[in-house]
Amino acid sequence: MPRRVTYEVGLIGHEEAKQGVEGTEQSLTVEVEDGDATPWARDTKFAYVGTDVTRLDGAVKATGAAKYTYDIQPQGLCFAGLVYAPHAHADVVSVDVAAAKALPGVLAVRSFAAATATYPGKIVAAVCAESETVLSDALAAVRVVYAVKPGPAVTEDAMRAGAPVVDPRRQTNVSGPRRGPTMRGKPDDALAAADVAVSATYRTPVQTHSCLEPHGCMCHVHEDGTATVWASTQATAFFANGRFTRALGVPRNKVRVITHHMGGGFGSKFSADEWDVLCAEFAQETKRPVRMLLDRRMEHLVGGNRPDSIQEMALAGTKDGIFQVLKGQTWGTSGNSSGGGAGAANFMVYDLPNLSMTQHGVATFSAKGRAFRAPRHPQGFFALESIIDAYAYKAGIDALAVRMKNDKHPIRQAQWRIGAERIGWTKHRHAVPGSDKGTIKRGTGCAAGRWAQAGRHMVGRSPLVFEFVVDKDGGVAVQNAVQDIGTGTRTLIAVLAAEELGLKPHDIDVRIGDTRYPPGPGSGGSTTAPSIGAAVRNGALRVKESLGGLLALQWGVDEAQLTWKGAVCHGPGDEKATFAKACALLGEDGLRVRGSRRRNFDAAYRETAGCQFARVAVDTETGVIEVEKVVAVHDCGVIVDSLTARSQVNGGVIQGISYALFEEKRTDRSLGDMVNPTFDTYRIMGIEDCPEIDVVLTSVVSGYSNTGMMGLGEPATVPTAGAVANAVYNAIGVQVTELPMTPARVLEALERRQK
Amino acid sequence: MKAFRFVRPSNGREAADLLASTKNALVHAGGVDLLDRMKERVDEPDVLVSLCDAKGLDQIRVEEDGGIWIGARVTLAQLADEATCRRFLPTLSEAAGLAASPQLRHRATVGGNLAQHTRCGYYRHASFPCLKRGGDSCPVRAEGGVQDTAGIFGNRDCASAHPSSLAPVFGSLDAEIVVRDAKGERLVPFAGFWANPAKGRASDTRLRPGEVIEGVRIPPRDTKQFVGYAEIRQKKAFDWALVSCAVRYETDGEKVTSASVWFGSLAPVPMRSVAAEEALVGTVCSDKSAAEAGARTMASATPLAGSKYKVALGKVALKRALAAARERA
Ligand SMILES: Cc1cc2nc3c(=O)[nH]c(=O)nc-3n(C[C@H](O)[C@H](O)[C@H](O)COP(=O)(O)OP(=O)(O)OC[C@H]3O[C@@H](n4cnc5c(N)ncnc54)[C@H](O)[C@@H]3O)c2cc1C
Ligand code: SF4
């Protein structure tokens, strides 16, 4: 029988920031199913949740003992690699693999001669060899003849009338517009009638995922007909798909996928890719363990990227700063797909009574984009937040005040105050942009962020369950196939299990990243933590129930009369037993129970809020920007481990600054190939360029599940580029409308201002 | 990477002998530049003659006449940290300390820094056409080329920009390169060390096969020198300077009597600006004379559309190098 629970949800603490803001605290009534733990409320007292707990795998990562896919090198390991096209568009006339095949040590070769190559990085041949040296020689010995054809590789060229089309069934590379849900009111009338209107065109680059650990896997087919696959994947549960297992020649139930540690995915590693299937084929063919990892160039070419964007925007409102209309058109390329995922989330967060946003996808002769940390958001928020600053200056109103007037999210209202205080908004923000004296000009800016992921109760079509294994010595292991992609999933599970059982997080043995355990969700969309959290609690609850059953039997009392306080179980009289004592009642086989994730409740807080403030110093003679400080205020529902949560925000801010200032896939527009596919030419922000990052976490009981957790990985990178851009605008008095804000672009903007 | 043989001579002379007697051999020092090229198979040597065990080449010492000798295997970290260099060659120390990244500076050597090949992305990947690698023309100059790191001088055939930020400092100090081959040692004046790009000419130096750099010598000076260095870089570490500039001048107590001005990253080889030197001589060094010297330098620049911003950066680098020289005095 579901039980009805009424409890207090909303923002925990931060009393000063909450003052006078309506809705930061609420009372919520939910129907809690049997087997689901009673939801944590705003005033729940925790032992570990919300505190700083160091990573369970911190030591092995720091010492190098942690094993990544590359590190797994069984006896007889063979090496596979790829030959790929360097052209945007070409017919593959012939692929001559004879010389490669003839090399001693080459075990297997594949070629794909009949193909047309429609992007740089398109695979034309693959080789498997006994050593990396032989592999390298064999790859170099493959002779490919291409007939190169014209094919625009960048968005603007592909948009031109008469440009060669990627999809021969279509007349043009431009698809859309997709209008539907992003149209309301009477935008044109509102624009014409508004007191203050601004318009501008913003551009963002193609950003590559640049995972430190490349894509790929190591396949080992064993003599008994089973197989182990070590994969760099964000979803162990979905990696071994039909195509992959067929290539491997092993039925799915006999394939074990392992991802104990993972060096970055950011949305680009959700299933077995083409090269993984080739690796599986080689493993089957050679009957030896085979490893295939992409090289760095391939990582940049096909390992995933964030679509670029061109965003024509117009914003108008009243003279006292109330938005009336946002109108815009956007274009972006998601490579040679029909344009999906190329939109820009540039209309969310603020109240906009009139809205028209038409978004176009542009097909180009380049590899497909992939989901990338907060798809559509960093680009959209850069443009949205930039045009808000332009509007605020024109209206002569403080840009923060404008945001607060148009933003209805109660948590973000509190966050704006917190951030403004910590960056010193009133002291540092120039009312007149560019009014700082001297060559080095400083400026302060801010931007909003959002996300809305509360996790799910299913993994594909399977229920999401966590298994607890308890032994008679009191040892607790928690098992699920979910992978820790570096975010701290392992630690988070330990904190939740320890909290519920009254144990210490570091004493919990967390066994994850292995498909021999119950299926775990993919690590994407910032859904992992909120999905698994509630299941871990429920599993721990089952453990207490089972142990309680044994104690009740021993004490001769009714189970319903037991209460747990931390790790101690109390009977109705003065009976009591510690967790360890209770475990001692178990047999040699210990205890094995499962807790499952239940459906989300109808929550009180459906979107997480966030905002960031940046202070920059711009050298107006050289155009070099230095970000000096970022204040990042974020909500992710209930914070479980504030260390790993802060770490997520640090990472999001760093990636966001990197996007704002450095990263850009550069493509030769005639040759169609990327000219900077290495880490010394594709600039990524390094530690010396890192500003002081002040992370403020606002823990909010969302009401979605028994933990109240929500996701954080993605929202943390949403506002950064916009905040930095607005700080630059505030410093130099002119907008740099294109990312990354390179010295050349900053100088160009300054020149424009002088004219 | 193609398999290769790795030999480790114990001094410069042995290295030169080995180079003379081995076919398709290259000198290896820190390997920072060379191994990248080999991984991309832009270079496929059969043998690497490594200086890693070569004695004496890792030292910086003051010679009897007061000149300073820097071994080819001295690392950038040594230049940045060692007292001799900091005291007598402050601009070199400064440039070295800003270059690359801490890890790279411990690996990268002076010889390798001078002999490193261009970082042009087209040059460094075999699938691109490139004049320097024997192609018919330079794609960077062509329509659609990516030009943001391109040079703005001497770019008629090849638009590469010399990556070394130590080179302009060495130039400004009138360094001599100590080159050895199997027959012996010779001193090459800095300006004569460089070779302009040409079809099929990969190296930017006049080093011939069989020659090895043993060291760099900085001549002594008996009059007061004003030295300054400035560079502009987008990213503080793990990146190259967009422009670098080193200056040295003397005065009669007031006016500049002689000057030496060198730039990095503006042309395919390190670039001396005689126009700037002439503009400075006879003036009291100031931001104003610096601006004039910068304007005269840039009057003959031939930037590509994508590298125009380097004109402004070059002027600023010169102004700041001169200001640094005045401040240091
Ligand atoms: C990310 C990054 C950033 C960088 N930033 C900077 C920077 O800011 N400023 C800067 O100046 N440099 C920079 N560099 C370049 C770096 O300093 C050089 O690559 C390095 O100095 C090369 O030295 P090495 O000893 O590793 O040379 P190697 O790679 O061993 O050799 C380089 C070349 O020189 C030849 N060679 C080496 N030693 C000798 C010798 N004694 N005689 C004859 N030929 C020789 C080799 O045959 C080879 O062709 C950067 C490099 C990287 C990767
Ligand atoms: S700039 Fe020089 S090195 Fe680069 S592609 Fe052109 S010719 Fe080759």
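Biologist: How do you know what area is buried between chain A and chain B, and how much of it do carbon and sulfur atoms give?

Modeller: This is a predicted model, so every value is computed from it. Buried area is the accessible area that two parts lose on being put together. For chain A and chain B that comes to about 2,900 Å². Carbon and sulfur atoms give 52% of it. The contact takes 34 residues from chain A and 35 residues from chain B.

Biologist: Why is the pair A:Glu621 and B:Lys319 called a salt bridge?

Modeller: The rule asks for a side-chain nitrogen of Lys or Arg within 4 Å of a carboxyl oxygen of Asp or Glu. Here the closest N and O atoms are 2.3 Å apart. Eight salt bridges are found across the interface of chain A and chain B. The count of residue pairs in polar contact there is 18.

Biologist: Which elements give two or more residues to the side of chain A that touches chain B?

Modeller: They are α4 (132-141) and α20 (743-754) of chain A. α4(A) gives the most, with four residues.

Biologist: Now chain B. What makes B:Arg248 and B:Asp174 a salt bridge?

Modeller: Their side chains meet at 3.1 Å, N to O. The cut-off is 4 Å, so the label holds. Chain B is divided into domain 1 (60-115 + 162-218) and domain 2 (226-328). Between these domains the count is two salt bridges.

Biologist: How much area do domain 1 and domain 2 of chain B bury between them?

Modeller: About 2,000 Å², with 64% of it on carbon and sulfur atoms. B:His162, B:Pro168 and B:Ser172 supply 26% of the area that domain 1 of chain B buries against domain 2 of chain B, more than any other three residues.

Biologist: Why is a set of residues called a nonpolar core?

Modeller: Because its members are buried residues such as Phe, Val and Met, joined through side-chain atoms within 4.5 Å. Buried means under 20% relative accessible area. The largest core has 182 residues. A:Phe466, A:Val724 and A:Met741 are among those with the most contacts inside it. Helix α11 (residues 377-395) of chain A gives the largest share, eleven residues.

Biologist: What is A:Val724 in contact with, beyond its sequence neighbours within four places?

Modeller: Its partners include A:Ala614, A:Ile657, A:Leu661 and A:Met741. A second, separate core of 39 residues includes A:Leu82 and A:Tyr84.

How values were computed
Residues numbered from 1 in each chain as written. Chains lettered and ligands numbered in written order. Predicted model: local features only at pLDDT ≥ 70, side-chain atom pairs only at ≥ 80, totals over all residues. Heavy atoms only, no water. Buried < 20%, exposed > 50% of the residue type's maximum accessible area, 1.4 Å probe, protein only. Contact = heavy atoms within 4.5 Å. Domains from an automatic or database assignment. Buried area = accessible area lost by both parts, 1.4 Å probe. Polar contact = N/O pair within 3.5 Å; in protein donor to acceptor, adjacent residues only side chain to side chain.
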